[in-house]
Amino acid sequence: NMDKILMNNLGFYGYHGVLKEEATLGQKFFIDMELYLDTREAGQTDDMNKSVSYADVYELVKEIVENKRFNLLEALAENIAEEVLNKFDLLKGIMVRVKKPEAPVPGIYDYFGVEIKRAKDE
């Protein structure tokens with residue numbers, strides 16, 4: 001059973017979407033993540049080097065969401081999962097949920113989104 005580092009409702013302004021207006025005007029995106037790893041050694045030694053810094057993960061995700069551009073939420077989520085897993089050796093897997101509360105859909109809703117889980121290829 002894998003331990004998790006939780007990162008919830010990280011908000012960024014980005015330009016993802018199929019419509020031209022989305023690419024020019026932009027909108028808010030919210031990201032939830034679960035980082036799967038074994039935190040036992042970090043817990044026993046109280047040593048940051050035995051875990052993954054959520055501050056460092058945050059900076060990487062911020063850079064992706066704010067500076068890259070994708071038509072699909074699926075592509076944004078996949079990119080986040082891939083880059084975070086690649087950069088942080090201790091991670092065994094990741095869950096990424098991308099939420100788009102201002103999607104160009106007329107109606108009343110909280111958000112539309114996608115959620116993916118990826119494991120590191122050992």
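Visitor: How far apart are the mean positions of the positive and negative charges of the chain?

Guide: In this predicted model, the mean positions of the 16 positive and 23 negative charges are 3 Å apart.

Visitor: What makes up the secondary structure of the chain?

Guide: There are four helices and four strands. Read from the N terminus, their order is β-α-β-α-α-α-β-β.

Visitor: Where does S51 lie?

Guide: S51 sits in the loop that links α2 (40–45) and α3 (54–67).

Visitor: Why is S51 called buried?

Guide: The relative accessible area of S51 is 19%. Buried means under 20%, so S51 counts as buried.

Visitor: Which residues does S51 touch, leaving aside those up to four places away in sequence?

Guide: S51 touches I5, L37, A42 and L90.

Visitor: How much of the chain counts as buried?

Guide: Of its 122 residues, 39% are buried.

Visitor: What share of the contacts between residues at least 6 apart in sequence joins residues at least 24 apart?

Guide: The share is 63%.

Visitor: What does the C-alpha trace span along its principal axes?

Guide: The spans are about 50 × 25 × 25 Å.

Methods. Residues numbered from 1 in each chain as written. Predicted model: local features only at pLDDT ≥ 70, side-chain atom pairs only at ≥ 80, totals over all residues. Heavy atoms only, no water. Helix = DSSP H or I, 4+ residues; strand = E, 2+ residues; numbered from the N terminus. Buried < 20%, exposed > 50% of the residue type's maximum accessible area, 1.4 Å probe, protein only. Contact = heavy atoms within 4.5 Å. Lys, Arg positive; Asp, Glu negative; His and termini not counted. Charge placed at Lys NZ, Arg CZ, Asp CG, Glu CD.
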